Amino acid sequence: MRKYKKWLYVILSFILCLSVVDPISATTISELRDNVKKNQSQLKNAQQKADEAQEAQEGVEEEIDEIDAELVNLITDINLCEEAINDKEEEIYRTQLDYDAAVAEKDEQYASMKIRIQFMYEKGDSSYLHMFFGAGNMGDMVNKAKYVEELYDYDRKLLAEYEDTVKRVQELWNTLEEDKSELETSKTELQEGQAYMEELLAQKKEEYENYSVMLTKAKQEAATYTARIKQETAQIRKLEEEERKRREEEERKRKEEEERRRKEQEAQLADGDSDSEEEPKKQETPKPTSSGGGKGQDIANYACKFIGNPYVAGGTSLTNGADCSGFVMSVYKNFGINLPRSSYSQSTVGKGVSYSDARPGDVIYYGGHVGIYIGNGQIVHASTERTGIKITSATYRNIVTVRRIV
């Protein structure tokens with residue numbers, strides 16, 4: 001009867017061991033991981049759309065800034081033209097006064113000369129004869145003749161000077177009028193350029209608004225997928241925690257059962273049971289093995305050498321300090337692999353894999369942050385200035401993508 005009970009316990013223990021895996025929970029976790037992978041892909045597409053819209057919007061914004069600057073220059077040129085036109089009009093006004101004064105003086109001189117000539121010549125030849133014959137001597141006659149000649153030359157010189165003055169003033173006035181006409185033409189052209197640039201600016205602002213709408217939509221999509229990933233990741237964590245507790249409970253019961261059987265066998269031996277039955281072999285607990293290996297494991301092991309070193313924004317030194325992407329880039333560089341500098345760019349290299357398939361050396365991107373997977377659900381990363389380079393749970397944040405580079 002005692003022998004029968006012993007084998008009954010063995011059979012019950014074997015049946016208990018077979019119930020270790022809960023197929024419903026495992027299936028649920030697998031489905032959730034598949035959903036997370038799909039949402040990660042959708043999130044990446046949404047982020048790419050957002051980046052493209054952001055880049056296009058920034059390009060339009062630069063064009064708007066250039067157009068604004070050109071408009072400022074155009075308006076400045078127009079103002080300078082208006083000031084120059086005002087100056088030219090003032091010069092023309094002053095030149096007109098000078099011209100009018102010169103003409104008046106010329107007319108006055110001409111009238112005076114005409115009166116004098118008319119007086120002299122209305123007397124006819126007798127006046128000249130009287131003037132010459134009335135001279136006291138030959139020297140007086142020569143002097144009077146010379147006076148008449150000088151008076152004539154003076155009148156001609158004075159008239160020529162005023163004619164030159166009027167001509168010079170007229171030429172200056174014509175030049176000022178031409179300058180004013182050119183300035184007015186330039187002002188018109190500048191105003192037409194201003195109108196064109198204002199129309200172009202309005203078009204660019206409309207483009208900017210369109211890209212802004214696209215960017216907002218893409219960000220909303222990204223936020224939706226991020227929320228789904230966050231929710232599903234939380235469910236995975238919950239199910240994994242339940243699975244861990246269940247396994248711990250099963251392990252505890254298994255050990256209790258082994259301990260109970262051991263005590264029972266000791267009691268049987270103590271009672272002198274002569275039946276030599278071969279005890280069933282003790283079931284060994286499988287040791288956890290690190291997934292992956294090779295170069296990826298070497299990369300993970302090498303990255304862990306720098307735990308405790310400082311975090312420095314913009315840094316790439318594994319010893320003196322690096323930020324998250326600088327740390328990943330420098331670790332891979334040691335193995336002859338060149339990665340881009342930014343965390344987002346690093347999220348596009350290699351091949352995307354699901355988190356459930358992650359191996360040591362894979363790069364995990366969280367949206368603005370990256371780390372290197374080292375196995376057993378952990379990453380090593382340059383975290384913050386306060387904590388530096390450290391090891392953290394791989395699911396401490398929502399995973400956007402896992403990239404396999406080696």
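These legends describe close-up views of a predicted model. Local features need pLDDT of at least 70, side-chain atom pairs count only at pLDDT 80 or more, and totals for chains, interfaces and linings use all residues. Residues are numbered from 1 along each chain as its sequence is written, and side-chain values use heavy atoms, with hydrogens and water left out.

**View 1. The largest nonpolar core holds 34 residues.** Phe 327, Val 328, Val 331, Tyr 332, Ile 372 and Val 380 touch the most other members. A nonpolar core joins buried Ala, Val, Leu, Ile, Met, Phe, Trp, Tyr and Cys residues through side-chain atoms within 4.5 Å. Buried means under 20% relative accessible area, exposed over 50%, partly exposed in between (1.4 Å probe, protein chains only). Another core, of 9 residues, lies apart and includes Tyr 373.

**View 2. Helix 5 (294-304) has buried residues.** Among them are Ile 299, Tyr 302 and Ala 303. Their cover includes helix 6, strand 5 and strand 6. Helices (H or I, at least four residues) and strands (E, at least two) are DSSP runs, numbered from the N terminus.

**View 3. Tyr 302 and Phe 306 form an edge-to-face pair.** Their ring centres are 5.0 Å apart, with planes at 75°. Both residues are buried. Rings of Phe, Tyr and Trp (its six-membered ring) pair if their centres lie within 6.5 Å; planes under 30 degrees apart count as stacked, over 60 as edge-to-face and the rest as tilted. Ring pairs link Tyr 302, Phe 306 and Phe 335 into a cluster.

**View 4. Tyr 344 and Tyr 365 also pair edge-to-face.** Their centres lie 6.4 Å apart, with planes at 70°. Tyr 344 is in helix 7 and Tyr 365 in strand 4, so the pair ties together parts 21 residues apart in sequence. Tyr 344 is partly exposed at 26%; Tyr 365 is buried at 5%.

Conventions:
Contact = heavy atoms within 4.5 Å.
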